[in-house]
Amino acid sequence: MKFLLDNDVFLAAIYAGHENHRRARKWLDAHKTSGWGIAAETYLAATRLLMNPAIMGSGALPVAEALRAIKTELGGPKPGRIILASRPPDPSLLETATGHRQIMDIWLVQIARDSGAKLATRDAGSLANWPDHTILVR
Amino acid sequence: MKTTLELPPDVASTLRMESARRGGRKAASLSKLVSDAVRKVYGSADSSRGQMRLTPGRVVIGAAADAPRLTAERIQVALSDDSGL
């Protein structure tokens, strides 16, 4: 597996209401062949977001539909994997956080690193902090 | 359509509990819960929802007319423990 998608990139790819839907969709379609996946945390985050009326308005999905949508994206001829962390959180990485909202980003960077993949993100800050383990989705 | 329904006590109680579980009347009104349940059981489409295009390996979920434009920041806020979303 070459790419691990972060929450923002994965949701942008599957949801047309995201401001970067077209770019993320195009990027994912072009890079699936290389091998891709999402962390279990991203799977759960996407499920939460697709069910959330504050995010989806009246289009908020029942859980079965949200799970079906994610499963369908992960299927097909170039399937994606759901990645479970192989090691506990690495304090040396977590200690680089400058705020509480970075903790999950760092955790995804670690999962990508430990899986031999790069975290596909639109967050330029992540790219600057961990250039060896991230790739910017433009 | 506006109408009056006479619901058995157990159904009314279930609807009230489900509404509370989803965040109260504003997030899940009784009208919405009944509509969702009818659509689920009888399979009618929800015209207010965005369409969902599913092909194996490729999903595009359309945005509902009342959905906010989604940004990375909004996602982060929605997922953070200290948000009200």
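Axes are lines fitted to C-alpha atoms, for helices over the stretch in contact, and angles between them run from 0 to 180 degrees between N-to-C directions. The views below show a predicted model.

**View 1. The open parallel sheet of chain A.** In chain A, 5 strands form an open sheet in which the order is β3-β2-β1-β4-β5 and the pairing is parallel. Strands β3 (80-83) and β5 (134-136) of chain A stand at the edges with a single partner strand each, so one side of each is left without a neighbour in the sheet. Direction ignored, neighbouring strands of this sheet are turned against each other by 35° on average.

**View 2. Pairing of β1 with β4 in chain A.** Strand β1 (residues 3-5) of chain A runs parallel to strand β4 (residues 118-121) of chain A, and 3 bridges join the two. Within this pairing, A:Leu4 has A:Leu119 in β4(A) as its bridge partner.

**View 3. Helix α7 on the sheet.** Helix α7 (residues 102-114) of chain A lies across β1, β2 (36-39), β3, β4 and β5 of chain A, and runs at about 135° to β4(A).

**View 4. Packing of α1(A) with α3(B).** Helix α1 (residues 7-14) of chain A packs with helix α3 (residues 72-79) of chain B at an angle of about 115°, their axes being 10 Å apart. Because angles of 65 to 115 degrees count as roughly perpendicular, α1(A) is described as roughly perpendicular to α3(B). The crossing in which α1(A) passes α3(B) is right-handed.

**View 5. Residues where α1(A) meets α3(B).** From α1(A), the residues A:Asn7, A:Asp8 and A:Leu11 meet B:Ala72, B:Ile75 and B:Leu79 of α3(B). The residues of this contact between α1(A) and α3(B) divide into 4 nonpolar, 1 polar and 1 charged.

Key. Residues numbered from 1 in each chain as written. Chains lettered and ligands numbered in written order. Predicted model: local features only at pLDDT ≥ 70, side-chain atom pairs only at ≥ 80, totals over all residues. Pairing = 2+ DSSP bridges. Helix = DSSP H or I, 4+ residues; strand = E, 2+ residues; numbered from the N terminus. Contact = placed C-beta atoms within 7 Å. Parallel < 35°, antiparallel > 145°, perpendicular 65-115°, else oblique. Left-handed = near helix turned anticlockwise from the far one by under 90°. Nonpolar A, V, L, I, M, F, W, Y, C, P; charged D, E, K, R; others polar.
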